[in-house]
Amino acid sequence: MNKRLLERLSDGSYADFIGHFASSRYEFVGIELFDTDRSDYPIGHRMLASGHQGRVRFSLSDILDAIQKTGANAITMIHNHPFSSKFKASREDIDVTERVHQVLQEIGAKVVDHRIYISDGRCLSFVEEGIGRWGWESVEFQLRGADSSC
């Protein structure tokens with residue numbers, strides 16, 4: 001996938017960023033960035049990687065870099081399953097979220113949700129589905145953004 005597209009989606013509007021997950025033929029991985037001490041709205045978003053089904057790799061250093069540059073202390077992970085209509089997180093989705101959460105805890109940040117967009121346009125939220133044990137029940141703010149359907 002074209003690196004310029006990833007940069008454009010990272011620098012573009014929030015609606016374009018989210019819309020790409022719901023409508024793309026390629027798999028994408030991205031994050032929303034939050035400073036939970038100041039606002040419950042995203043302070044930024046970053047597209048991390050793209051690729052073909054099941055072959056998307058991203059670097060934890062990209063997440064750490066985005067946190068450092070924005071002053072964020074929380075992220076929502078976002079990716080899509082463009083060729084699936086299964087409304088279920090995979091074991092790998094859960095394991096990756098756990099690993100990212102562990103790394104972020106070391107710097108005083110956290111994962112507050114993980115959303116997966118599937119081919120029919122639905123969105124699965126780990127928080128809403130009760131997936132994982134990352135302390136989400138202690139999140140005292142309501143995450144807000146352009147996408148309120150998930």
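## Exercises on a predicted fold

Of the chain's 150 residues, 47% count as buried (buried: under 20% relative accessible area; exposed: over 50%; partly exposed: in between; 1.4 Å probe, protein chains only). The model is predicted: local features need pLDDT of at least 70, side-chain atom pairs count only at pLDDT 80 or more, and totals for chains, interfaces and linings use all residues. Residues are numbered from 1 along each chain as its sequence is written, and side-chain values use heavy atoms, with hydrogens and water left out.

### Exercise 1: the fold

Task: find how many helices and strands the chain has, and in which pattern they follow.

Solution. 
- Step 1. Count the elements: 5 helices and 5 strands. Both are DSSP runs numbered from the N terminus (helices: H or I, at least four residues; strands: E, at least two).
- Step 2. Read along the sequence. The pattern is α-α-β-β-α-β-α-β-β-α.
- Step 3. Check the contacts (heavy atoms within 4.5 Å). Among those between residues at least 6 apart in sequence, 66% join residues at least 24 apart.

### Exercise 2: helix 3

Task: work out which residues of helix 3 are buried and what covers them.

Solution. 
- Step 1. List the buried residues of helix 3 (residues 60-70): Ile 63, Ala 66 and Ile 67.
- Step 2. Look down the axis of helix 3. The buried residues fall within an arc of 100°, so they line one face. The arc is taken from the directions from the helix axis to the C-beta atoms.
- Step 3. Recall the geometry. An α-helix has 3.6 residues a turn, so residues three or four places apart point the same way.
- Step 4. Turn to the face away from the buried side. Gln 68 and Lys 69 are exposed there.
- Step 5. Name the cover. It includes strand 1, strand 2 (44-51), strand 3 and helix 4.
- Step 6. Gly 71 follows, with a positive phi near 80°.

### Exercise 3: His 81

Task: describe the setting of His 81 in strand 3.

Solution. 
- Step 1. His 81 has 15% relative accessibility, so it counts as buried.
- Step 2. Its side chain makes a polar contact with the side chain of His 79 (3.0 Å). A polar contact is a pair of N or O atoms within 3.5 Å; within protein, one must be able to donate a hydrogen and the other to accept it, and residues adjacent in sequence count only if both atoms are side-chain atoms.
- Step 3. Leave aside neighbours within four places in sequence. His 81 is then in contact with Lys 88, Asp 93, Ile 116, Tyr 117, Ile 118 and Ser 119.
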